[in-house]
Amino acid sequence: MVSVRTLTRRQISLFALVLALLLLYPLFVKGSFPMHVMIMVFLFAMMGVAWNIMGGYAGMFSFGQAAFFGIGAYTSSYLLMTYHLSPWLGLLAGGAFASLAAAAIGIPCSNLRGHYFAIASIAFAEIVRIHFNNWKLVGAAEGLTLPILDQSLKNFEFHSSKAPYYYILLGFLILSLLVCSWVSTSRMGFYFRAIKESHDLAKVVGINFVRYRLAAIMISAFLTAMAGTFYAQYILYLDPESVLILPISVQVVLVAMLGGSGSIMGPVIGAAILLPISEGTRVWLGPKGTGIDMIVYGTLIMLISAYRPQGVWGLLSRTDRRKA
Amino acid sequence: MSAAPLLEVQGITKRFGGLLANDKISFTVNQGEIVGIIGPNGSGKSTLFNCITGFYRPEGGRVLYQGRDITRLTADRICKLGIARTFQIVQVISDMTVLENVMTGAFLRSPSKDVARTKAEEVLRFTGLWQKRNMVATAITIPDKKRLEVAMALATEPKLLMLDEAMAGLTPFELKEMLTLVRKVRENGISLVIVEHVMEAVMALSDRVIGINSGRKIVEDVPEKIVVNPEVIRAYLGERYHART
């Protein structure tokens, strides 16, 4: 696996180059839409990386990431509106709540594998969505409209430019990548991969698979909730239809699968391919274009699963694997 | 002064519905001993294995390890206490290299990656897999996978190693290598329980052999006596051949 070896000099310089380009992007691209597209790429890249920790490494195929995303968004927004709590603290609270929700679903599902875990995760996310849709405290189906505050880093609100959002989210994405890289190269990452292979095998090398599966799902939920809080502060409005629906969960899985699950950079590549397609068709084709992105996704996913199950990353790092 | 047995199995009983898979089986394994378990297909050997290692909950009886009751413990706890096992159908982590597989085992006693790697490399040299350490686990041959499974088990630093048909399907040369490995393991102070159909291996390795048929222990003796035991011959070859002897 590429992930376990130390990076080559070429890979490091490639990453540095990409990072430099990303840092310079807002200085040269002024339009609101190109900035928005990049922000959506980062958002789903981050959620894809978070999904990858539980799905790609530990083999828990969650189709319910929207629940964690929504819990993060709702927690920080509710705390901001009711108690004027800083969204930055709300971010941590959202992560904590999402992790608790993850534990609540993770413990009863600790023996479920493959398709069964996927089904359970969909059911869980739908329960959360329906609950929020009827929960008066958080605005039920009307949702929450966040107060417009002075723009500042402290308030986590920016009105004149999207660039600050861009840089904050790039920071979150890098943090997620660091967490994923740390997890995947540590003992925990080895244990996740053993659990993904087989629970029986994990047990005979002394792994408490219930505990490690719980760790995977809680870390993933925390990062996904961070993305949720960001999204709430970015759009300044949320309702169940915008943060808790199944298509968000599906998009997260697609991003990771297309890019390459089980590799650190895979979901980033997946997001960089898919999000411009979905945002682009949405804008260029208007309401008539709804679903075009899904046709493109569908085709891509079929091609990938038929010819390169390791995803686009597998395609790129093919020669690296052969050398081993 | 006689030390307490390492493993004491007392009257293990396991049912699957109406089928009595293990019927009050008892035996002991002493420190440094190799105990062989033989029996026809479906006689309950693997079930017994699973009851001892925490994969099944027996309905009756107890398993004592170093005098401690481990009957109700989970498989990972039992591994932590020092009983490692392999599977009849070989299991390795397919997207890892040979070295990474063994490191996964070594992590049990050494949370640090560097220490786990050093430990794994030592085990790879010991088991003769050093040359193949950087190969992906799916790319190695079945005999090597069996060896790898043993290596993963050894990396958890067990006091008792339980092998479930580790010799099945090996060529005579591979078998000889495996026998050498098992002897080396014992020389390192690890006791073994081996479930085996390959009589050549059981006879050559075991200090004592336990014969099981239809879920019951039918015999326990030294290898030389096992092969001429009428009960064993009846179980394996049927009434007719038994009558001829």
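Visitor: What is the handedness of the crossing in which α2(A) passes α12(A)?
Guide: This is a predicted model, in which local features need pLDDT of at least 70, side-chain atom pairs count only at pLDDT 80 or more, and totals for chains, interfaces and linings use all residues. Residues are numbered from 1 along each chain as its sequence is written, while chains are lettered from A and ligands numbered from 1 in the order in which they are written. A crossing is left-handed if the near helix is turned anticlockwise from the far one by less than a right angle, and right-handed if clockwise. For α2(A) passing α12(A), the crossing is right-handed.

Visitor: How are α2(A) and α12(A) oriented to each other?
Guide: Helices (H or I, at least four residues) and strands (E, at least two) are DSSP runs, numbered from the N terminus. α2 (residues 32-57) and α12 (residues 266-285) of chain A have axes 8 Å apart, at about 140 degrees; axes are lines fitted to C-alpha atoms, for helices over the stretch in contact, and angles run from 0 to 180 degrees between N-to-C directions. Angles under 35 degrees count as roughly parallel, over 145 as roughly antiparallel, 65 to 115 as roughly perpendicular and the rest as oblique. The two helices α2(A) and α12(A) are therefore oblique.

Visitor: How many residues of the contact of α2(A) with α12(A) are nonpolar?
Guide: Among the residues that meet are F33(A) and W51(A) in α2(A), with L275(A) and V283(A) in α12(A), where contact means C-beta atoms, placed from the backbone, within 7 Å. Ala, Val, Leu, Ile, Met, Phe, Trp, Tyr, Cys and Pro count as nonpolar, Asp, Glu, Lys and Arg as charged, and the others, Gly among them, as polar. Beside 4 polar and 1 charged residues, the nonpolar ones number 15.

Visitor: Which strands stand at the edges of the open sheet of chain B?
Guide: The sheet has 6 strands in the order β6-β7-β8-β3-β9-β10, with mixed pairing; two strands pair if DSSP finds at least two bridges between them. The edge strands have a single partner strand each, so one side of each lacks a neighbour in the sheet; these are β6(B) and β10(B).

Visitor: Which residue takes a positive phi in the hairpin of β4(B) and β5(B)?
Guide: β4(B) and β5(B) pair in the antiparallel sense over 2 bridges, and Y65(B) is partnered by R68(B). The hairpin has 2 residues between the strands, and the one with a positive phi near 50 degrees is Q66(B).

Visitor: Which helix gives the most to the side of chain A that touches chain B?
Guide: In this interface, 19 residues of chain A are in contact with 24 residues of chain B. Both α7(A) and α8(A) supply at least two residues of that side of chain A. The helix that gives the most, with 5 residues, is α7(A).

Note on methods: Contact = placed C-beta atoms within 7 Å.
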